[in-house]
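Welcome! Take a moment to look over the sequence and the 3D view before reading on.

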Amino acid sequence: MTTSIAPSAPHRGRWWENATPSGSREWVPSPAGPTDEPGTPPPLHGSGRLRQTLRFAHDQGSLLFEAAREHGDIFGVTTLLEKRPLAITAHPDHVKSLFTAGPALAPSTAGQSMLRPIVGDSVLTVTGEPHRRKRKLLMPPFHGKAIARYREQIREATDREIASWRPGSRIRLADAAQKVTLDVIMSGVFGIDYRSGEAEQLLRTRLRQLLGLSVSPLARVSEVLSMRKTEPFGLQKWGLAHLDRAVMAVIAERRAAHVPGERHDILSLLLDARDDEGEALSDGELRNELLTLVLAGHETTANSIGWAFERLVRNPGPYGRLREAARGEDAENYVEATIHESMRVRPVIPILGRRVKADWRFGDTVVPANTRVLVGVLSLHHRDDVYADPFTFDPERFIGVKPGSSTWIPFGGGDRRCLGATLAMEEMRILTAEIARRTDLKAVSQAAERPVHRNVTMIPGRGGTVEITSVRP
């Protein structure tokens, strides 16, 4: 059976603005998975390939909610991305069928994402056995003892950042958090810190410049024109050329001085790695993996912090409870719940993709093999048969409740779950708790920040801008 997502009336125009609670519905299961039975295709939403493609690049959220209200859990959209319609779903049963199918039946479509021209063939963009090998190689630095080593770096970087804040000033919290997460990921990936030498500092500068360029109108045009391309285009190509020179300089410097087994950062680990034929990774292969980890490993976390406080300063009840918890004895539970709730209402990755290799049932509909299927993370997170009053920001819903693997998916799922999810959560715990413990912030405007799409991410339009009213030691 197909049901519909039913946000309250004020969300029909601007889904991100505050609105009255929308209530909740009874849960209705929806069968999903490979099938030999015939079925009708999903209903098509909208018209015009170019128009729908531009909507995807500019305002995915409005498209997702609008189509879900009209068609329910599954619908199709024709774009310039594919000859046949894309299928888009937001039902947990459908999501589970895709995440548990494995790469043979439902491989990721990340290789066709707008990041492919930037990072090339890397752990983010390859599929199947190459992805499994790369993931296995890169997993150790993001778990266990490695996270314990990063924890002190996160605290030190957070302390340095908050110490620079002054009452009465305004800051973009996404940018402030980015300084912390960039310090941590640069240390973990390249083994360099904020006191490093000239080559490393140039790399940090070039990364910030590229991220700054990526929100310009020209950059968004380049992203659309780069769809389905494997090489960068236009402004993107120009920015990457500058960044690549800085990356390659660091790789060359480290390769010349490398002693196997001496260091534990990811660059050193990759310099020691060998492929199935016993060959070392080339500079180009190193560049692709390192750039993937740096870009994916700090920007998304920083924008999650920006979104968290964008929501908190506009919701005095939860913000007050967070500060009380962070300054008391039992901070852990409420901080964790706040992170889960902010990533629910404002997931930085609003859409995920798979390509089904068999005919696939989604409720009452069937899509043919080789269809690109998108999961609407944003609309899934706002289902009122999963989350009561889903447009209400309420961390209490996660107190003592573990998020579901097919209903809370800001890190993706299945074999493509974010490699750095454990590190990202640790960064967000420390940053959220310390900001709440040591500062008082207020919104500069009661109007919610509009989501802006950058590459595959959804970021706060004003970077989570707040005014600092007090800072404590």
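## Paired strands

Two strands pair if DSSP finds at least two bridges between them. In this predicted model, strand E9 (residues 439-443) and strand E12 (residues 465-471) run antiparallel to each other and are joined over 5 bridges. One place to look is Ala443, which stands opposite Val466 in E12.

Strand E9 is also largely enclosed by the rest of the structure, because 4 of its 5 residues are buried.

## A covered helix

Helix H3 (residues 92-99) is mostly covered, with 6 of its 8 residues buried. To find them, look for Pro92, His94, Val95, Ser97, Leu98 and Phe99.

## Aromatic rings

The structure holds 5 aromatic pairs. One of them joins Trp15 and Trp16 edge-to-face, at 6.0 Å centre to centre and with 90° between the planes. Trp15 has 2% relative accessibility and counts as buried; Trp16, at 5%, counts as buried too. Trp15 and Trp16 belong to one aromatic cluster with Phe65 and Phe391.

Tyr387 and Phe398 make a tilted pair, because their ring planes meet at 55°, with the centres 6.1 Å apart. Both residues lie in the loop between helix H15 (377-380) and helix H16 (421-438), so the pair ties together parts that are 11 residues apart in sequence. Tyr387 is buried at a relative accessible area of 7%, and Phe398 is buried at 6%.

## Charges over rings

Finally, find Arg323: its charged end sits over the ring of Tyr319, 3.9 Å from the ring's centre. The charged end of Arg346 sits over the ring of Trp307, at 5.4 Å from the centre of that ring.

How values were computed: Residues numbered from 1 in each chain as written. Predicted model: local features only at pLDDT ≥ 70, side-chain atom pairs only at ≥ 80, totals over all residues. Heavy atoms only, no water. Buried < 20%, exposed > 50% of the residue type's maximum accessible area, 1.4 Å probe, protein only. Helix = DSSP H or I, 4+ residues; strand = E, 2+ residues; numbered from the N terminus. Phe/Tyr/Trp six-rings, centres within 6.5 Å; stacked < 30°, edge-to-face > 60°. Lys NZ or Arg CZ within 6 Å of the ring centre and 35° of its normal.
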